[in-house]
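Welcome, and please have a look at the model shown here. The report below walks through a few of its features, with the cut-offs given along the way.

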Amino acid sequence: MPGSVTGATDLEELRALATQAAQRAYAPYSKLNVGAALRSAGGTVYLGCNVENAAYPIGGCAERAAIAAAVHAEGADFHLEAIAVAAFDATGRLLAISPCGACRQALVEFGAQARVSFHQPDGSWSDVLADDLLPWRFVLPPR
Ligand SMILES: [Zn+2]
């Protein structure tokens, strides 16, 4: 299945796969190539990259692309266990980014306790819980 990889089991592998996924990004406008690799609770890894559009608002982030691939494959049973995100400029220089607000909301929806790994400005990786990235997230009130 496109966007999925089996066998990656640890955060180091997710980081490497996120770095590879960034090479597939379609980012002619921002020149910000982002890749994401996530592992579901079932152990399957799904990949995503950002896909921009000339109509800027309809572009999509790597994290949500990987989530969409996971939901397509696993349906309502999908639960996010961990995700790594890597970003590079057009020359291949590593850029320190963390998931945007929309992606943070998507991450906590599928795994508030998921580990989220992304680069710091010194090139090291930071790992945080999705819940810590968005503690006051939107929750649809019961109706
Ligand atoms: Zn995003």
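Asn-33 sits in strand 2; strands (E, at least two residues) and helices (H or I, at least four residues) are DSSP runs, numbered from the N terminus. This is a predicted model, in which local features need pLDDT of at least 70, side-chain atom pairs count only at pLDDT 80 or more, and totals for chains, interfaces and linings use all residues. Residues are numbered from 1 along each chain as its sequence is written, and side-chain values use heavy atoms, with hydrogens and water left out.

Is Asn-33 buried or exposed? With a relative accessibility of 18%, Asn-33 counts as buried, a term that means under 20% relative accessible area, while exposed means over 50% and partly exposed in between (1.4 Å probe, protein chains only). Leaving aside neighbours within four places in sequence, Asn-33 has contacts (heavy atoms within 4.5 Å) that include Ala-22, Asn-50, Phe-88 and Asp-89.

Strand 2 covers residues 33-40, and eight of its eight residues are buried. In a regular strand the side chains alternate between the two faces of the sheet. Here Asn-33, Gly-35, Ala-37 and Arg-39 point one way, Val-34, Ala-36, Leu-38 and Ser-40 point the other way, and all are buried.

Strand 2 pairs (DSSP finds at least two bridges between the strands) with strand 4, residues 80-88, in the antiparallel sense over eight bridges. Within that pairing, Ala-37 has Ala-84 as its bridge partner. Strand 3, residues 45-49, also runs antiparallel to strand 2, joined to it by five bridges, and Gly-48 in strand 3 is the bridge partner of Ala-36. Four residues lie between the strands in the hairpin of strand 2 and strand 3, where Gly-43 takes a positive phi near 100°.

## The zinc site

Which atoms coordinate the zinc ion? They are the SG atoms of Cys-61, Cys-100 and Cys-103, at 2.3 to 2.4 Å. Donors here are N, O and S atoms within 2.8 Å of the metal (3.2 Å for Na, K and Ca); water is not among the atoms, so sites may look incomplete. Along the chain, the donors follow the spacing C-x38-C-x2-C.

Cys-100 is partly exposed at 34% relative accessible area, whereas Cys-103 is buried at 1%.

## Tyr-29

Tyr-29 lies in the loop between helix 1 (11-22) and strand 2. Its relative accessibility is 37%, so Tyr-29 counts as partly exposed.
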